[in-house]
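This briefing concerns the structure shown below. It is intended to be read alongside the sequence and the coordinates.

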Amino acid sequence: MEPAGELDAPMTLYQARNHSYLKVLAISDDWMTRRSINQMGLYAGDRLHVLRKAPFGGPLMVKSHNTQVAISRQLAEKIRVELVP
Amino acid sequence: MKIALVGQPNSGKSTLFNAVAGYRSLTSNFAGTTVEYTNSRARVGGDVIDLFDLPGFYSLNPANPAETCSREFLLTGDWDVLVNVLDASQLARSLELTLELRDLDAPLVVCLNMMDEATRKGMVIDLPALAEALGVPVVEAIAARGQGVVETFRAAIKVQGTRPAAPPRRILYPQEIEGALEGLARALSAGGERGTRSGLPREADADRELRGREFPRGPVAVTACVMVESPAPAAVGTKLPNLRGQALQLLESDPRRAGQLDPAIAYAVEAARTEIELRAGQPADAAISSARHAACLNLFERVARVTKPSADWREQVDRLLMHPVWGYGLLALIFLGFFRAVFDLGKLGEGHILAAFESLIADLGEVLGSASLGFAVVKGALLGTAGAFAIVLPYLVPFLIGLSILEDVGYLARVGYLMDAAMHRLGLHGTATIPVLLGYGCSVPAVMATRILTSRRDRFVAAFLAVLVPCSARMTVIMALAGFYLGAYWALGIYALNLLVVALAGNILARLWPEIAPGMLMEVPPYHRPSPRVVLLKTWWRLREFVVVAMPLLVAGSAVLGLIEFFGWQAAINAVLSPLTALLGLPSAVGLTLIFGVLRKELSLLMLMQAVGTTDVHSVMTSAQILIFTLFVTFYLPCLATLASMVRELGRKLTAAAAGALLLLAVVISLLARGVFHFLL
């Protein structure tokens with residue numbers, strides 16, 4: 001789960017651009033956080049699409065497995081992602 | 001026989017339940033509506049079944065207390081068959097729970113609900129293949145239209161007591177997990193033979209500590225089933241999870257809770273965890289849930305095909321309604337239009353109905369003699385009835401219908417997304433918008449809805465703000481007093497002031513008790529056309545509380561007030577409250593009404609009319625007094641029903657603190673208004 005190399009510098013979901021397609025690399029080590037993110041159908045290895053980002057540091061809306069999920073900034077910062085082509 | 005409906009939030013369990021049990025359970029278009037289970041007896045064909053509608057939960061190891069309630073119920077084993085309701089359009093995610101339930105080896109029927117939605121999404125699901133893969137009956141349904149409901153329950157009745165043709169199917173986890181499970185199951189069976197029940201009370205205590213407070217139904221620790229049930233092979237008909245299922249539960253549970261286990265078992269759990277962790281390179285619970293997730297996606301690939309959906313208008317609508325700029329403008333417009341419509345409709349009804357009651361009372365006065373005891377009581381009761389029909393219902397009905405529509409369409413969840421950043425200023429996150437918004441309807445369900453929040457702190461703040469927001473009963477006071485006598489924009493102004501106060505209160509609370517919660521995480525349901533049936537039934541469900549509980553109280557309360565007036569007792573009561581009424585610059589006659597207002601908020605309005613002896617309040621109170629009275633009633637104490645639910649959710653101390661703060665707040669705001677009126681106008 002370590003970053004593959006300099007080109008693939010790890011970023012958090014919150015840093016991802018609007019409308020980007022991503023792959024989840026890892027989710028926080030904290031049981032509660034990981035669990036609650038998993039419950040929305042998001043696991044390490046899953047792909048997701050950033051549909052929109054709310055202004056003023058608001059949440060992101062992502063789509064994964066045909067489900068739309070709103071994720072707050074704090075939680076999005078606990079999800080490591082990489083861009084997929 | 002007992003059938004329990006289980007499923008993830010917003011999968012349509014309550015719709016299914018209501019289809020056979022009459023309308024007992026509240027459904028809506030966002031996750032977490034049912035926070036307590038509902039039980040009803042229903043007749044399906046010739047069979048009578050006991051039906052349990054459980055709050056939705058995503059996983060057997062839930063992260064919030066509303067979900068714990070369901071799991072507790074499941075682990076008591078007090079049911080015969082589980083009906084797992086799935087949102088077919090969310091099949092991939094929904095199957096996670098189904099697979100978890102398979103690991104319990106329980107008699108199970110899968111109901112694929114919302115098949116129309118799945119079709120619209122371009123999904124084709126191979127039902128026989130799914131049934132074959134899971135080894136359980138699968139029934140398709142569109143519960144909102146009543147399709148597949150009876151079939152589902154028939155399948156559930158049939159599944160009870162029949163030995164499945166094939167051995168129950170479950171996931172085969174990776175070798176390291178299966179190995180650890182086997183070892184742990186052995187340890188559990190040894191522990192079970194020693195009958196270690198002594199650890200239970202201690203666990204319950206620890207659990208309570210961990211969760212912050214006792215949950216109404218009393219917490220059952222994760223391990224209760226492990227301790228209580230002696231080990232038995234996983235035979236058909238065993239209700240409690242088999243040892244393997246128990247072992248899975250333990251490995252997936254929060255590592256911080258390991259301290260609550262019997263030491264021998266805790267040791268075995270830790271050993272199994274470490275074994276998995278070393279070999280899988282990730283925490284045990286993550287390894288297990290990832291394996292299940294992989295199995296789930298794999299199963300999904302096998303049984304479902306997703307064709308490209310036709311250009312979806314919903315995406316276009318979302319692009320507009322969720323736009324970073326227009327989204328907020330539209331949000332304001334939608335709520336402005338909503339309140340304006342409620343006001344106009346209410347005013348239309350109020351004028352006509354009130355006039356009818358006025359003339360009726362005048363006629364009766366002539367018949368009975370206006371100074372008789374009988375007339376005093378009848379007039380009181382009639383004024384109460386008039387209040388209910390002319391003043392409360394004309395505003396309440398359109399408001400509740402509108403709220404139900406917004407909810408059913410799926411807009412309320414979007415509001416949560418839009419408002420998240422703003423709610424952070426209040427020390428809350430977007431999910432808390434839902435209880436706070438529900439507060440505009442009725443404070444009781446709003447307080448109950450705070451259970452969808454994970455931390456006790458969030459629940460308190462959200463409940464406090466939800467109660468601060470004017471509920472529909474207080475709305476009738478605002479509309480019928482400030483709106484009717486001073487003008488619609490005054491009513492709107494009170495709402496704006498209320499928002500400001502909510503913002504300030506949230507801000508102060510956030511400083512006093514800083515946020516520790518992880519933040520919003522919420523499924524955003526697709527828009528769907530509101531079903532008139534669901535909207536009307538939901539409106540009725542919320543209205544029923546008013547009609548059956550409040551209306552008799554209103555009528556009786558008004559009659560009692562008539563008596564009190566007839567005998568001239570009100571002076572004594574008003575004298576006691578006179579320091580308060582004098583401070584606020586109100587006529588001392590309103591003192592009594594404030595007491596009745598705690599019973600139900602609308603009562604204060606009706607009692608006001610009764611106390612000042614006319615339905616034309618403006619003839620005896622100045623505009624300033626009407627405004628101050630309205631403000632005070634808007635903010636002071638929540639009604640008894642709300643206080644009761646707050647005690648349930650937050651405990652006595654916090655409820656008392658909240659009530660005290662609200663009373664103080666009401667006095668301060670009313671005094672400020674009095675000052676402003678005095679010096680500026």
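The structure is a predicted model. Chain B has 681 residues, of which 51% count as buried. Chains A and B touch through 32 residues of chain A and 31 residues of chain B, and one open sheet of 7 strands draws on both chains.

**Chain B overall**
- The secondary structure of chain B consists of 28 helices and 9 strands.
- When contacts in chain B between residues at least 6 apart in sequence are considered, 74% join residues at least 24 apart.

**Contact between the chains**
- Chain B contributes 31 residues to the contact, and chain A contributes 32 residues.
- On the side of chain B that touches chain A, the elements giving two or more residues are α3 (91–102), α12 (284–303), α16 (411–425) and β9 (521–523).
- By class, this side of chain B comprises 15 nonpolar, 10 polar and 6 charged residues.

**The sheet shared by the chains**
- The strand order of the open sheet is β1(A)-β6(A)-β2(A)-β3(A)-β4(A)-β5(A)-β9(B), and the pairing is antiparallel.
- Its edges are formed by β1 (11–12) of chain A and by β9 of chain B, each of which pairs on one side only.
- In general, the strands of a sheet pair through backbone hydrogen bonds, in either a parallel or an antiparallel arrangement.

**Helix α16 of chain B**
- Helix α16 (411–425) is one of the elements that give two or more residues to the side of chain B touching chain A.
- The helix is mostly covered, with 11 of its 15 residues buried.
- Among the buried residues of α16(B) are B:Y411, B:R414, B:Y417, B:M419, B:D420 and B:H424.
- At B:M419, which is itself buried, α16(B) bends by about 60°.
- With 15 residues at 1.5 Å a residue, α16(B) should span 21 Å, and its end C-alpha atoms are 22 Å apart, so the two values agree.
- Just after α16(B), B:G427 adopts a positive phi of about 75°.

Methods. Residues are numbered from 1 along each chain as its sequence is written. Chains are lettered from A and ligands numbered from 1 in the order in which they are written. This is a predicted model: local features need pLDDT of at least 70, side-chain atom pairs count only at pLDDT 80 or more; totals for chains, interfaces and linings use all residues. Two residues are in contact if their C-beta atoms, placed from the backbone, lie within 7 Å. Helices (H or I, at least four residues) and strands (E, at least two) are DSSP runs, numbered from the N terminus. Ala, Val, Leu, Ile, Met, Phe, Trp, Tyr, Cys and Pro count as nonpolar, Asp, Glu, Lys and Arg as charged, and the others, Gly among them, as polar. A residue is buried if 20 or more other C-beta atoms lie within 10 Å of its own, exposed if 12 or fewer, and partly exposed in between; C-beta atoms are placed from the backbone. Two strands pair if DSSP finds at least two bridges between them. The expected span of a helix is 1.5 Å times one less than its number of residues. The bend at a residue is the angle between axes fitted to the seven residues ending there and the seven starting there.
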